[in-house]
Amino acid sequence: MAALPVLALLLLVLAWGGPPAAGQKRKEMVLSEKVNQLMEWASKRSVIRMNGDKFRRLVKAPPRNYSVIVMFTALQPHRQCVVCKQADEEYQILANSWRYSSAFTNKIFFAMVDFDEGSDVFQMLNMNSAPTFINFPAKGKPKRGDTYELQVRGFAAEQLARWVADRTDVNIRVIRPPNYAGPLMLGLLLAVIGGLVYLRGSNLDFLYNKTGWAFAALCFVLAMTSGQMWNHIRGPPYAHKNPHTGQVNYIHGSSQAQFVAETHIVLLFNGGVTLGMVLLHEAATSDMDVGKRKIMCIAGIGLVVLFFSWLLSVFRSKYHGYPYRYIFF
């Protein structure tokens with residue numbers, strides 16, 4: 001009978017001490033297998049492509065001591081997602097910058113789930129739009145800030161890197177591949193100018209042509225006032241397609257963001273207003289007969305009224321509650 005308390009104590013020790021230790025060891029083994037698998041895939045491809053099984057096993061299921069940045073996208077041609085392709089290019093630049101940096105560790109991985117390869121993942125996360133970037137932290141579930149605000153920040157690699165640093169404390173220095181388009185265009189421009197100077201070396205009056213310089217300056221001003229520099233810095237999508245209705249929006253509904261197509265539209269409208277002003281000026285100062293000047297005047301007024309009215313309508317769509325409008329828009 002004296003042996004019974006000892007046996008009970010031994011069983012108690014085994015019950016409380018044995019299984020947790022074995023469970024912890026198994027947990028460490030599973031975690032090690034996950035990390036080794038991800039490191040192996042990352043060594044071959046900076047952005048790891050995942051289907052539903054890989055996502056559930058390596059991203060959703062514990063244990064996990066690493067963060068995973070996942071881009072949910074739809075890259076297949078029949079999806080016709082132009083924004084997805086543009087965002088994928090920037091995402092690849094970001095992932096490559098991390099993979100080939102000296103600071104690369106297994107603390108963070110970059111992955112991708114394509115709708116045609118993991119539609120079950122989209123359903124599991126109640127996701128109905130692409131592209132979408134989500135950070136799955138090393139501990140716990142994603143919070144509100146772990147979903148990237150694509151419409152506000154754009155998808156430029158530099159903006160994504162800042163968001164990654166905010167969510168994971170991993171700072172990535174974005175290194176873009178060399179782009180020779182700029183130097184080639186500059187060389188071509190210099191070659192054209194050099195050719196003109198060589199062919200017309202005895203007559204350089206074209207360099208003093210006020211109309212030519214005015215037109216070049218006007219094109220530059222229109223490009224800058226339409227927001228082209230903002231596009232270059234933020235890298236916004238060209239437009240947005242509603243996945244439910246299929247409707248394409250070219251004007252962003254917020255004053256804090258814009259689409260590339262929106263800048264082209266604003267540039268066109270500003271150009272129309274400018275052309276109308278030029279026609280009005282010519283009608284007032286030219287030496288043409290009265291009939292032609294009247295036609296130019298009417299055309300100028302029509303262009304100013306029409307395109308300025310459209311500009312105000314764009315402004316009203318972005319600044320909700322703006323009380324003023326022009327003519328019928």
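Let's start with Leu-189, which sits in helix α7, residues 181-199; helices here are DSSP runs of H or I with at least four residues, strands are runs of E with at least two, and both are numbered from the N terminus. This is a predicted model, so local features need pLDDT of at least 70 and side-chain atom pairs count only at pLDDT 80 or more, while totals for chains, interfaces and linings use all residues. Residues are numbered from 1 along each chain as its sequence is written, and side-chain values use heavy atoms, leaving out hydrogens and water.

Now let's move to Glu-117, in the loop between β3 (108-114) and α4 (119-124). Glu-117 is partly exposed too, with a relative accessible area of 35%. Which residues does Glu-117 touch, leaving aside neighbours within four places in sequence? They are Arg-49, Met-50, Asn-51 and Gly-52, where contact means heavy atoms within 4.5 Å. With Arg-49, the side chain of Glu-117 makes a polar contact of 2.9 Å. That term means a pair of N or O atoms within 3.5 Å; within protein, one must be able to donate a hydrogen and the other to accept it, and residues adjacent in sequence count only if both atoms are side-chain atoms. Gln-76 lies 41 residues from Glu-117 in sequence, and their C-alpha atoms are 9.9 Å apart in space.

Last stop: just after α8, Gly-227 has a positive phi of about 100°.

Definitions and conventions:
Buried means under 20% relative accessible area, exposed over 50%, partly exposed in between (1.4 Å probe, protein chains only).
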